[in-house]
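Here is a note to read with the model open beside you. Take the points in order and find each part on screen.

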Amino acid sequence: MSVSTRQETAGGIGTSPVRPDGILKVTGEFAFSSDLWADRMLWGATLRSPHPRARINGIDLTAALALPGVHAVLTAEDVPGAKRYGLEHRDQPVLAMGQVRYAGEPVAIVAADHPETARRAAARIAVDYEVLAPVVDGEAALDPAAERVHEGGNLLRHVPIRKGPQDVTAAVVVTGEYEVGMQDQAFLGPESGLAIPAEDGGVDLFIATQWLHGDLGQVADCLGLPPEKVRLSLAGVGGAFGGREDVSMQVHACMLALHTGRPVKMVYSREESFFGHVHRHPARLRYEHGADAGGRLVYVKARIVLDGGAYASTSMAVVANATTLGIGPYRVPSVTMDGYAVYTNNPPCGAMRGFGAVQACFAYESQMDKLAAAVGLDPVELRARNALEPGDTMPTGQVVEGPAPVAELLRRVRDRPPCDEVDPDPRARPGGVANTTHGEGVRRGVGYAIGIKNVGFSEGFDDYSTARVRLELVGGEPAAVVHTAAAEVGQGLVTVLAQIVRTELGVQRVTVATADTTIGSAGSSSASRQTYVTGGAVKAACEAVRRELHRRAGGAGLTDLVAALAGGPVEETVEWRHRPTFPLDPATGQGNAHVQYAFAAHRATVDVDVELGLVRVVEIATAQDVGRALHPQSVRGQIAGGTAQGLGLAVMEEIQVVDGLIRNPSFTDYLIPTMLDVPPMHIDVLELGDPSAPYGLRGVGEPPTISSTPAIVAAIRAATGLDLRRVPVRPEHLTGT
């Protein structure tokens with residue numbers, strides 16, 4: 001086959017080949033990071049603070065060290081390099097130094113020859129705490145008189161947005177105050193990894209993560225080692241959704257391995273996992289929308305406060321997303337918005353699917369429903385009347401380029417046939433088969449929402465990926481190997497990269513090598529960016545391979561790969577970047593901060609038992625522009641999965657934090673949707689193509705999580721007539737009890 005024509009190839013882009021890891025995961029044969037093993041392996045455990053805020057006056061390790069089978073007990077004094085780490089701001093201690101700032105903060109680590117021995121040893125460590133009153137309210141933390149979580153104060157970042165004239169009035173004004181609870185990523189595979197000391201004095205770490213090179217920089221610094229002596233390889237990842245973007249036990253496992261000279265494995269329990277990773281930021285949002293009598297927006301004013309918890313993580317980027325996307329996919333001439341990310345003594349918060357846009361969307365879409373009622377318009381028509389179009393400007397002044405099918409997405413979900421049938425099966429009623437009701441108090445409601453999300457890293461971040469493609473003869477046939485550091489976290493990236501190689505080089509035999517740090521960075525598997533950026537890098541590397549093949553052919557058209565490869569393999573490594581983004585103006589928030597926008601709309605139908613306060617989501621219709629569906633089946637899976645996560649935030653998922661303490665760190669008490677909670681979904685995929693992106697694709701993973709939550713809550717409002725301003729919606733919100 002001619003590789004210059006790039007004809008449609010079996011298993012190439014636009015098709016849905018079987019995932020190479022799919023059967024193994026379904027059958028339970030896939031090796032996750034918690035399955036790792038090594039000869040002479042020790043087990044690591046962590047002692048965590050029971051207090052959200054306290055001084056540490058002393059630590060006594062005597063009893064722990066005396067336990068048979070214990071090989072090491074380490075504290076902050078044993079950290080060999082930098083004492084702190086962090087993705088954006090290195091403010092988080094490897095092990096607590098002099099004080100603790102949240103309940104669950106690591107204080108000491110243990111290595112022993114059995115996991116139970118390690119846990120028992122950690123429990124024997126005696127810590128002299130002087131308990132202090134914690135700062136647990138985000139709004140109160142902004143008060144200059146509040147106790148300081150960190151010496152520099154409690155304000156992490158303030159993002160002001162000022163667009164257009166600021167002193168404007170409107171014929172119709174609606175206001176509202178909203179609250180979003182703390183959601184957990186709830187991935188099924190808890191944090192785990194294996195560190196093996198190396199003969200060169202370095203360490204090899206096999207880890208479930210979202211960002212190998214992000215981990216590498218932090219781990220090497222904390223170990224006091226040059227990066228070339230810290231080698232990370234991706235182990236099997238049991239889900240992520242943002243919760244593995246930060247370092248958890250990486251440094252701890254490596255410290256113990258280097259200290260003992262033996263491999264050390266760490267696996268968090270489910271309870272410890274709730275303390276060991278960041279969560280979605282709780283938010284308080286205050287909005288004011290002004291419109292003319294016909295419902296066209298005149299201005300939006302808003303204040304957003306995100307509780308970042310004890311350490312920075314990605315809070316500074318999350319608050320930027322919440323504000324720059326904070327009016328939604330609408331045309332608004334005047335915007336006055338202030339976003340704040342603050343420190344408290346609550347659990348640290350950071351990346352989770354939707355990354356700031358989720359919290360804002362719940363508020364602005366609730367406002368759009370209020371505005372529709374105030375001006376007497378259908379909720380979809382009001383939104384369509386104000387919908388962004390190409391050439392419009394965002395609150396940052398950035399021009400919307402390429403397709404922006406906001407009105408079309410809304411009308412597609414509205415025009416889908418309604419769900420009018422009532423299922424007689426008692427399992428289809430709120431409350432299920434509990435026989436608590438026979439449907440006497442059940443009311444049906446329908447709600448709509450649409451959201452906007454940026455794709456990729458923003459504000460001038462050097463967002464790139466590195467890919468190596470090698471083409472050679474194996475058994476007389478052309479075969480390709482693609483190598484990147486991009487983390488496969490369940491999203492199907494390994495499948496897509498192979499599809500790109502098949503399409504670009506016309507070969508069927510493609511191997512995706514294990515991701516590791518022996519190749520340049522691919523960035524994080526977050527921000528819906530990997531198919532765009534790493535896919536772009538693989539495509540560019542394949543193009544470089546083709547150029548070399550054509551050179552070998554003397555510039556003539558290449559029709560015989562076997563002959564072209566007779567002179568040896570062709571290997572090319574490419575570092576690929578998307579078009580640049582730029583920082584926001586610190587005073588006005590103006591600037592071309594984002595590389596791409598993605599849109600999704602939802603219609604939700606719910607049944608609510610208004611007497612019992614129980615909700616059942618009956619049906620969801622959704623429409624999303626994906627630019628180009630490289631693997632159509634995976635695209636639909638991402639949309640369904642993201643919608644289910646939004647459903648969880650709407651009606652059940654919340655980490656209950658009281659006075660800085662997590663009260664429900666288990667899947668018994670932290671509820672996530674099951675198969676019985678997820679309704680039939682009708683998914684409408686648009687492929688309108690972004691001319692600046694590889695193959696015209698748009699990031700897919702996050703938009704469905706953003707608009708599904710407010711659509712479900714809008715449906716509950718329609719069923720009950722209640723002014724619901726907080727998610728998740730609980731039974732007591734519906735019954736007044």
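**Notes on the model**

1. Start with the second largest pocket. About 870 Å³ of space lies in it. On a 1 Å grid over the protein atoms alone, a pocket is an open set of points where a 1.4 Å probe fits, with protein on both sides within 12 Å along at least five of seven lines. The volume is the space filled by probe spheres set on the points, which are joined across faces, edges and corners.

2. A word on the source. This is a predicted model, where local features need pLDDT of at least 70 and side-chain atom pairs count only at pLDDT 80 or more, while totals for chains, interfaces and linings use all residues. Residues are numbered from 1 along each chain as its sequence is written, and side-chain values use heavy atoms, leaving out hydrogens and water.

3. A lining residue has an atom within 4 Å of a point. Strand E18 (442–455), strand E24 (614–625) and helix H15 (632–651) each supply at least two lining residues. E24 gives the most, with six. Helices (H or I, at least four residues) and strands (E, at least two) are DSSP runs, numbered from the N terminus.

4. What is the make-up of the lining of this pocket? It divides into 19 nonpolar, five polar and twelve charged residues. Ala, Val, Leu, Ile, Met, Phe, Trp, Tyr, Cys and Pro count as nonpolar; Asp, Glu, Lys and Arg as charged; the others, Gly among them, as polar.

5. Next, the open sheet. Seven strands form it, in the order E3-E7-E1-E14-E11-E12-E13, with mixed pairing. Two strands pair if DSSP finds at least two bridges between them. The edge strands, E3 (70–74) and E13 (230–234), each pair on one side only. E3 and E7 (residues 106–112) run antiparallel, joined by four bridges. Ala72 stands opposite Ala111 in E7.

6. Helices lie across this sheet's strands. H3 (residues 115–124) lies across E1 (42–48), E3 and E7, at about 25° to E1. H5 (residues 212–223) lies across E12 (203–207) and E13, at about 150° to E13. Contact means heavy atoms within 4.5 Å. Axes are lines fitted to C-alpha atoms, for helices over the stretch in contact, and angles run from 0 to 180 degrees between N-to-C directions.

7. Last, a helix pair. H9 (residues 357–375) and H16 (residues 703–720) pack at about 35°, with axes 8 Å apart. The residues of their contact divide into eight nonpolar, three polar and three charged.
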